[in-house]
Amino acid sequence: MEEQNEPGKEITNSITTSQEVEEAVQHLNNPVTDLKPIVKQYLGSVQKVITEGNRFFFADGSARVEVRVVSDEIIRVRLAPHGVFLDDFSYAVPVVDQKVTTFKLEELDEYYAVSTNTITCKIRKSDFAISFTENQSQMVMSEDASPMHWEENVEFGGYYVYATKKCQAEENFFGLGDKSGNMNLRGRHFQNWNTDAYSFGWDQDPLYRTIPFYVGVHDKAAYGIFFDNTFRSYFDFGKEDNSKTSFWADGGELQYYYIHGPHLMDVVKRYQTLTGTHPMPPKWALGYHQCRWSYYPEKKVKEIAEGFRSRNIPCDAIYLDIDYMDGYRCFTWNKTHFPDPKRMIKELANDGFKTVVMIDPGIKVDDNYWVFKEGKENNYFCRRSDDYFMEGHVWPGRCQFPDFTNPNVREWWGNLYKELVDMGVAGVWNDMNEPAVFGSGTFPNDVRHNYDGYRGSHRKAHNVYGMQMVRSTYDGLKKLMRNKRPFTITRAGYSGMQRYGCVWTGDNVASWEHLKIGNIQCQRMSVSGVPFCGTDIGGFSGEPDAELFTRWIQLGTFSPFMRAHSAGDTSEREPWSFGEPYTSINRTYIELRYRLLPYLYSVFWEHHRYGFPILRPLVMLEQENISNSFRQDEFTFGDKILVCPVLEQGATSRKVYLPKGMWVNFWTHEVLTGESEHNIEAPLDHMPLFVRAGSVIPEYPVMQYVGEKDIDEVLLNVYFSDYEVNSFLFEDHGDTFAYEQDIYSEKKFSVKGSQFGLTIEQSRDGLYTPNYELYNYNIVGLPFNVNKITVDDKEITDYVLDDRNCLRFKSNKNFIIIKIYS
Ligand code: MIG
């Protein structure tokens, strides 16, 4: 084997690239595929190897492949068909290299092998076929079915790039972010091209967002592939050929990360080390949000706000959709409908309502409109290949569009929010950023983009346009709000979008089918690195009946983002619009959301700090029992609460599968054994919920909005178990970034019971001290009679034992050991 240490040294060996003519493949939904024969080009044999730190280059004389050790569990592969790699720039992955302990290159008979402590990437000498093996088990996790290849793109330059992996007989696939239909992707074909998919259907593809990341699970082990390519891309999970999984793109580089498991959770967490996690949202953003296209004029907005307060239904945010603007001009107000927005926003804020406004990318062509003038003067709008402006019709009429892939444009746009922030606007909602254009759907391919200096056409920038818009919004707000946490919501996005805002799933439909779609969609987003996600509760288009709306509120209580929204031509859609008994049930669930806020907030922290997804599909809990991956209608919120939404019209019970362990029925306190199915009562006011035995679930008193009252005690619901379970409660200011300096409190609990009693140990980390001092313990499900309770070995006597054997007592200690004796 020949090794060189000179970076980028020309390789002069002769070309031995093999060429192969294949029959044309008609790819589903692929408008650029035509029927002429496709000349796919393959690499020859490995002629030369160059080592450069953690990067290994393999060349066949002309083409080169880079294998880069990113961490012990992540390896990146890139292909340069003519030996020259594209600039190493990615909107998804800000920093490629992570911590690696050791790695080495070995030459074997048929292969080169690059290995870390955990995994080995083998490159076959004869044809560059690549495989990934787990060192310990020697299990091959992923291997090429045919080596990576490409095809010249005569029209645009560059290549169409292809990778084809073996698909194991028992393999199943998850992830890919924003897809509709079943959770398991096996046997399906997908395309990524951000699309305004109004009223999309089950299995419709593509939708609004592009997350080219999937997880394969076979032989009880999981691995991930992140194909970081922003061009229109395609995935086929054994559809075209049952034994092959392929992914390819219309341009860019064949560049992908192999991310090792073996647990699905490990893969997702490691994917998040590449693309980032969601920053902590302002705490109020975890409350209930009320939206509508559109609430106007001011009187209507006030009436809705008043409607919540007078009925004691908690709500934190109210939205202004496009009609608040003057002729749909972004950053302006319709002064007839909103004569004094600053006063209105202030009055709403006094009543606990945060105002969130919509901002679209289309800027009206109007020389008397300052935003258009500034954009024009500074050359901030997108242009076509021959320098004409990119013009299209959206809500304001004829529009031009900022190039958000230009850092100067992002900076400018971020500052445009100044007036809105000064008026007290608390959050911004970016819509239509696929980008959507009336008639044509989106921009033509030839539109040029700055792409942060790595210029490209719309073919390359389309899928990141929305993400760069919300990035500009988030960064702008963060600066203007003087480092208070911004709240932003976006419709379109690309991998890494979670660093800049939350998402809603777009224009869904008021149907039972869409309740099911949304349930799976949010889980899928969660395992694809985009955890802060929600559906339009009730359905955007169409009319839900009272039952559907209530079932949707129940599911929405456990959506990370909880917002009701509806199109303008539908009937009223507030939690009280359907009368009794629905109003009361809706109130109970929205109240439950607020009661559980400290738990939800702690789960969010677990995501932000440690990369755990917020929603966890059953397959993530029991990947070794893969048949449970087909039970896609249940999930856990964090790891302690199992949510079993009711998705069938008229249902009064439902079958529930409980994963491994002991589970306590949240409503009845009945203790059930896991790894089994149960038929659970589910009348309209009752969505089956289970708490993992051993959990500590903190509760705040119900408030009408986050921060309405000072909290003087926190309820700690402790669920008895006879094995040890750890829980924690995260608290901080709720609206600053001080958590980055460890100004937070992580109170940890460990609960362990036996037939003789129960021990709860507590400790606390971080530099923040909550304002309240009292903890109200509610011990659920004690299987024995209580004899004695001690807190730090001191006996306490003022406790209550109710008729459900729940034991209540209070304590003001932070670091304690509680013992309950039978
Ligand atoms: O062309 O702003 O998905 O939530 O209410 C429709 C009006 C534009 C689409 C969004 C929807 C929003 C609507 N928008």
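User: Let me start with a loop: where does proline 581 lie?
Analyst: Proline 581 sits in the loop between strand E35 (562-564) and helix H10 (582-595). Helices (H or I, at least four residues) and strands (E, at least two) are DSSP runs, numbered from the N terminus. This is a predicted model, in which local features need pLDDT of at least 70 and side-chain atom pairs count only at pLDDT 80 or more, while totals for chains, interfaces and linings use all residues. Residues are numbered from 1 along each chain as its sequence is written, and side-chain values use heavy atoms, leaving out hydrogens and water.

User: What kind of peptide bond joins glutamate 580 and proline 581?
Analyst: That bond is cis, with omega about 5°. A cis bond also runs from glutamate 434 to proline 435, where omega is near -5°. Proline 435 belongs to the loop between strand E27 (427-430) and strand E28 (448-449).

User: How do strands E7 and E8 pair?
Analyst: The general idea is that strands of a sheet pair through backbone hydrogen bonds, either parallel or antiparallel. Two strands count as paired if DSSP finds at least two bridges between them. Here E7 (residues 103-107) and E8 (residues 111-116) run antiparallel, joined by five bridges. Lysine 104 faces serine 115 in E8, and the two strands make a hairpin with three residues between them.

User: What is the strand order in the open sheet of five strands?
Analyst: The order is E44-E45-E49-E53-E52, and the pairing is mixed. Strand E44 (696-699) and strand E52 (800-801) are at the edges with a single partner strand each, so one side of each has no neighbour in the sheet. E52 runs antiparallel to strand E53 (residues 807-811), with two bridges between them; leucine 801 stands opposite leucine 807 in E53.

User: Which residues around the ligand come nearest?
Analyst: Of the 13 residues around the ligand (a heavy atom within 4 Å), the nearest are Asp321, Asp431, Arg491, Asp507 and His565. The shell divides into eight nonpolar, one polar and four charged residues. In that sorting, Ala, Val, Leu, Ile, Met, Phe, Trp, Tyr, Cys and Pro are nonpolar, Asp, Glu, Lys and Arg charged, and the others, Gly among them, polar.

User: How far is a polar side-chain atom of aspartate 321 from an oxygen atom of the ligand?
Analyst: The distance is 2.5 Å. A side-chain N or O atom of aspartate 431 lies 2.6 Å from a nitrogen atom of the ligand, and one of tryptophan 395 lies 3.1 Å from a ligand oxygen atom. Taken alone the ligand exposes 360 Å², of which the protein buries 95% (Shrake-Rupley method, 1.4 Å probe).

User: How many salt bridges does a search of the whole structure find?
Analyst: The search finds 58, where a salt bridge is a side-chain nitrogen of Lys or Arg within 4 Å of a carboxyl oxygen of Asp or Glu. One joins arginine 188 and aspartate 203 at 2.9 Å, N to O. Arginine 188 is in the loop between strand E13 (172-175) and strand E14 (189-192), and aspartate 203 in the loop between E14 and strand E15 (209-210), so the pair ties together parts 15 residues apart in sequence.

Terms used
Polar contact = N/O pair within 3.5 Å; in protein donor to acceptor, adjacent residues only side chain to side chain.
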